[in-house]
Amino acid sequence: MNPIVGDISGNLAMAQAAYAEAQARGADLLVLPELFLIGYPPEDLVQKPSAIAACMQAVQTLADKTEAGPSVIIGSPWSEAGKLYNSALVLSQGGILGRYDKRELPNYGVFDEKRLFDAGSGALATFPIAGVQVGVAICEDLWFETVPRGLAAAGADLMIAPNASPWRRSIQTEREAAFDLWSDLQLPYLFVNQIGGQDELVFDGASFASDAAFAKRQPLIGQFETGTALIV
């Protein structure tokens, strides 16, 4: 999907439409990209308390819809105890089941997250969704070993990775090489990336699924997209 930076109500409407489709298809889980509700990259917009409050309210609005339908993982900024996080909210059974805060904050090239967000910390946890223990990692977390290995140690059966990863000519090769660092875990995962453009950035989508038997240094498998959301 292609969220628009700052259009919180419009991005929520897109999420609600995707949720209706997921529900109609009988899905167990809908996954939406990194910082979906505020758009990526949000830059100094996240320094406006009203924008953060609107995103947090939008999360609750969407959570209310999950009482009798699929669970949702959606990206949003989240404020707590004076800190601001790049978070993924796990919504299920009519409420917020839990939250994961991004730990590896990129601060190079087009990225400026260390200035804007606090890094997540503490013990890693998994979330029960449709009988599966799901762990969450966000974008840059996949480029290092700590979070994937921590989630495997915490008992994750599946890792969900919401992304706002911009395209460049070498990006697929770079992703493959980075994810090889922890491929010995044989942890199945879903890579869910936004698509479209924002200012000078282009997001390539290229979402994919990998099962537990994938081999090291093999091309990323199962790349597919639909008009609205990743369907698994």
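Reader: What covers the buried residues of α1?

Author: In this predicted model, the cover includes β1 (29-31), α2 (49-64) and β2 (71-80).

Reader: Which residues of α1 are called buried, and what makes them so?

Author: The buried residues are Ile-8, Asn-11, Leu-12, Ala-15, Ala-18, Tyr-19 and Ala-22. A residue is called buried when its relative accessible area is under 20%, and exposed when that area is over 50%. Ser-9 and Ala-24, on the other side of α1, are exposed.

Reader: Why are the buried residues of α1 said to line one face of the helix?

Author: Viewed down the axis of α1, the buried residues fall within an arc of 120°, and therefore they line one face.

Reader: How do you know what span to expect of α1?

Author: The expected span is 1.5 Å times one less than the number of residues. Helix α1 (residues 8-24) has 17 residues, for which 24 Å is expected, and its reach from first C-alpha to last is 24 Å, close to that value. After α1 comes Gly-26, with a positive phi near 75°.

Reader: Why is strand β3 described as largely enclosed?

Author: Nine of the ten residues of β3 (residues 83-92) are buried, so the rest of the structure largely encloses this strand.

Reader: What makes β3 a paired strand, and which strands are its partners?

Author: Two strands pair if at least two bridges are found between them. β2 and β3 have nine bridges in the antiparallel sense, while β3 and β4 (residues 95-101) have six, also antiparallel. Val-90 in β3 is the bridge partner of Ile-73, and Gly-98 in β4 is the bridge partner of Val-90.

Reader: Where do positive phi values occur in the two hairpins?

Author: In the hairpin of β2 and β3, with two residues between the strands, Ala-81 has a positive phi near 50°. The hairpin of β3 and β4 also has two residues between its strands, and Gln-93 in the turn has a positive phi of about 55°.

Reader: What makes a set of residues a nonpolar core, and which members of the largest one touch the most others?

Author: Such a core consists of buried nonpolar residues joined through side-chain atoms within 4.5 Å. In the largest, of 35 residues, Leu-32, Val-72, Ile-74 and Leu-91 touch the most other members. α2 gives the most to this core, with seven residues.

Key. Residues are numbered from 1 along each chain as its sequence is written. This is a predicted model: local features need pLDDT of at least 70, side-chain atom pairs count only at pLDDT 80 or more; totals for chains, interfaces and linings use all residues. Side-chain values use heavy atoms; hydrogens and water are left out. Helices (H or I, at least four residues) and strands (E, at least two) are DSSP runs, numbered from the N terminus. Buried means under 20% relative accessible area, exposed over 50%, partly exposed in between (1.4 Å probe, protein chains only). The arc is that of the directions from the helix axis to the C-beta atoms. Contact means heavy atoms within 4.5 Å.
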